[in-house]
Amino acid sequence: MAAQSHTETAGVQALPPIIGTGHTYGSITDRIGDTVLTTRTPRGWIVGFAAGFLLLQLFLVSAAYLLYRGVGIWGINIPVGWGFAIINFVWWIGIGHAGTLISAILLLLRQQWRTSINRFAEAMTLFAVSCAGIFPLLHVGRPWFAYWMLPIPNTMRLWPQPRSPLVWDVFAVSTYATVSLLFWYVGLVPDLASFRDRAKHRLLQIIYGVLALGWRGSARHWHRYETAYLLLAGLATPLVVSVHSVVSFDFAVGIVPGWHTTIFPPYFVAGAIYSGFAMVLTLIIPIRKIYGLEDFVTARHLRNMANVMLATGLIVAYGYGMETFMAWFSGNLYEGYATWNRMTGPYAPIYWALILCNILVPQALWSDKVKRNVPALFVIALFINVGMWLERFVIVVTSLHRDFLPSSWGMYYPTIWDWGLYLGTIGLFLSLMFLFIRGLPMISMFEMRTLVPPPARKQPLAGGQAPSLASGD
Amino acid sequence: MDTQPSIYGLMAEFDGPTDLLAAAKSAHAEGYRRMDAYSPFPVEGLAEAIEVRHTRLPLLVLLAGLFGALVGFASQYYVTVFDYPLNVGGRPLNSWPAYIPITFEVTILFAALTAVVGMIALNRLPMPYHPVFNVPRFALASREQFFLCIEAADSRFDREGTRRFLESLKPREVSEVAH
């Protein structure tokens, strides 16, 4: 890659650029718009979508059989009543968090490099939250009564218990899904207008035109638009922290050894961002290759995302360390045993695999050479994806399977239907992701245009920024 | 002039944001008020140049957030204290710390919905038809070109005079915007 050799010759100071050189407003619009509007569907897209769509069928079969037979087809039983459903729920929600971090927090911090990945990451958030929501919904056993979780006046005169973290979860996750959708759509409106004006086919003009709401780029509109966007970012920032904190309360408020700890909220949030960035890298590395978007998602982006993973990974490692330390330092018999059982009990291989994936492997990211090596980054991101799933397995299963009374201990083994539903949601996620890439601008065009320096167009201006005289050819 | 069909306004097209900003400032200095500038991305200072007043949106969002907090807290209070009081080991019915997470989420939900719906409504969107779309080259406003439109409703608008003024700004071209 050109950016790589540039860094090497210029020494450590020079970072790769956040956008390839020579781009104009028009070329950005063409490059991103063409991935949807004019060029033929790339082979990579077809392969990716086909794989996702096949797994989606697995999801449909697993969910249909579950509705027919009930949750007894899963491996859950007493003492482990929260098996894959809760593991997968937490895993998916966590993945979503990187999208909000990129779109909201990095916007407030004025990190310009976020521009080319925020749309993509927001879509990822939305689809990850959709996958997450499915698990508690199916886990309730009779999903057709799922509306009982909402405070709707009813003839039984019963309400959800607002003192329960599980009810907080309903509010947190549904608010998060709504705000993520709003954020994503508001960001899309100006780009949908570009598509409306660019589309050749009448039907596409109508579809994109309806979705664009008649956006015309008026200065008055932009003024309110930017205000609304900034407000949304400010609202989404505390929201994203609250969501995974509430998810961690599902555990931390319970008295089960290994769950009942105050470190859970911050360590869950860090873990969420960690896994989310790993998922962004897992998706964006093949997609920038398929669509040749190396100009927009440059070595700089990959490097910055690797740095965020390294930092949040260290926070997660600190969380594991403190958890272990407190189990010993508290002198509590049950806490101590829960931790000892994680490390040496029947699920010990999973614990050590988690340490390998989440703590040991990502240390390679300290090396600049690894951060410039795209395949290596891809492999490390895959390790982290797996590691974060294993972390939730360890938290959910090892804590429940041996708690206070040895007479009530038991083992948990997932069944084929647990795996079917889990892999099935990956299919749902991939299908939605590939459909999004095919039908909508995956990079924010209007924000990318702000990264192009205006004098780069036409002939250079004679007197710098002299108003109105220079470009009248 | 009376024989010509009435128009929405006159539109000048520019190649860059700096040109558009300078043109908007000149038009404002010339005394034009009923005008709008169109750009493919937000241009810093453009709204101020055509004298856009402060938007009410932040105030609306604040009020919606406060209202959301009230709704979130009051509904939990009503449920646990009045409608279905449940004595758990003599603990107080108004267990307010437990109400905070839902109160917070409802606050954010109301505020975010208001930010988006408010932005769309104050911008008078969705608006499928607008006269500016009658200019064929306006399709480039969502791509790479910059436009300034002085509306016929402006008191200083004069078909010939305004056209001469816009030409003096050295645009790429000036076109009439049909209704």
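Predicted model: local features only at pLDDT ≥ 70, side-chain atom pairs only at ≥ 80, totals over all residues.
**Confidence in chain A**

For chain A the mean pLDDT is 90, and 93% of the residues reach 70 or more. Within this chain, confidence is lowest in helix α1 (residues 2-10), where the mean is 42, and highest in helix α12 (residues 348-360), where the mean is 97. Over residues 1-12 of chain A the pLDDT stays under 50, and the model has 12 contacts beyond four places in sequence for that stretch. Residues 455-473 of chain A also have a pLDDT below 50, with 25 contacts in the model beyond near neighbours in sequence.

**The build of chain B**

Chain B has 5 helices and 4 strands, and from the N terminus on its elements follow the order β-α-β-α-α-α-β-α-β. The domain assignment divides the chain into domain 1 (7-54 + 129-178) and domain 2 (57-122), and the C-alpha centres of these two domains of chain B lie 45 Å apart. The radius of gyration of chain B is 25 Å, whereas a compact globule of 179 residues would have one near 16 Å; along the principal axes, the C-alpha atoms of chain B fill a box of roughly 85 × 35 × 30 Å. Of the 179 residues of chain B, 44% count as buried, and of the contacts in this chain with a separation of 6 or more, 79% are between residues 24 or more positions apart.

**Where the chains meet**

The contact between the chains takes 59 residues from chain B and 54 residues from chain A. On the side of chain B that touches chain A, at least two residues come from each of α1 (17-30), β2 (35-38), α2 (46-49), α3 (57-83) and α4 (100-122), and the largest share, 14 residues, is supplied by α4(B). By class, this side of chain B has 40 nonpolar, 11 polar and 8 charged residues.

**The largest nonpolar core**

In soluble globular proteins, nonpolar side chains tend to be buried together. The largest nonpolar core here has 186 residues, of which A:Val280 and B:Leu148 touch the most other members. This core draws at least three residues from each of domain 1 and domain 2 of chain B. Apart from its neighbours within four places in sequence, B:Leu148 has contacts that include B:Met11, B:Leu20, B:Ala27 and B:Met35.

**Backbone details**

| Site | Feature | Angle |
|---|---|---|
| A:Ile78 to A:Pro79 | cis peptide bond | omega near 10° |
| B:Leu125 to B:Pro126 | cis peptide bond | omega near -5° |
| A:Arg110 | positive phi | phi near 55° |
| B:Glu51 | positive phi | phi near 60° |

A:Pro79 lies in the loop between α3 (43-69) and α4 (84-108) of chain A, while B:Pro126 is found in the loop between α4 and β3 (146-151) of chain B. A:Arg110 is in the loop between α4 and α5 (115-139) of chain A, and A:Arg110 counts as exposed because it has 7 C-beta neighbours inside 10 Å. B:Glu51, in the loop between α2 and α3 of chain B, counts as exposed because it has 10 C-beta neighbours inside 10 Å.

B:Glu51 is also one of the residues in contact with B:His28, together with B:Ala49 and B:Ile50, when neighbours of B:His28 within four places in sequence are left aside. B:His28 belongs to helix α1 of chain B and is partly exposed, because 15 other C-beta atoms lie within 10 Å.

Key. Residues numbered from 1 in each chain as written. Chains lettered and ligands numbered in written order. Core = buried A, V, L, I, M, F, W, Y, C linked by C-beta atoms within 7 Å. Buried ≥ 20, exposed ≤ 12 C-beta atoms within 10 Å, placed from the backbone. Domains from an automatic or database assignment. Contact = placed C-beta atoms within 7 Å. pLDDT = per-residue confidence, 0-100. Nonpolar A, V, L, I, M, F, W, Y, C, P; charged D, E, K, R; others polar. Rg over C-alpha atoms; globule rule 2.2 N^0.38 Å.
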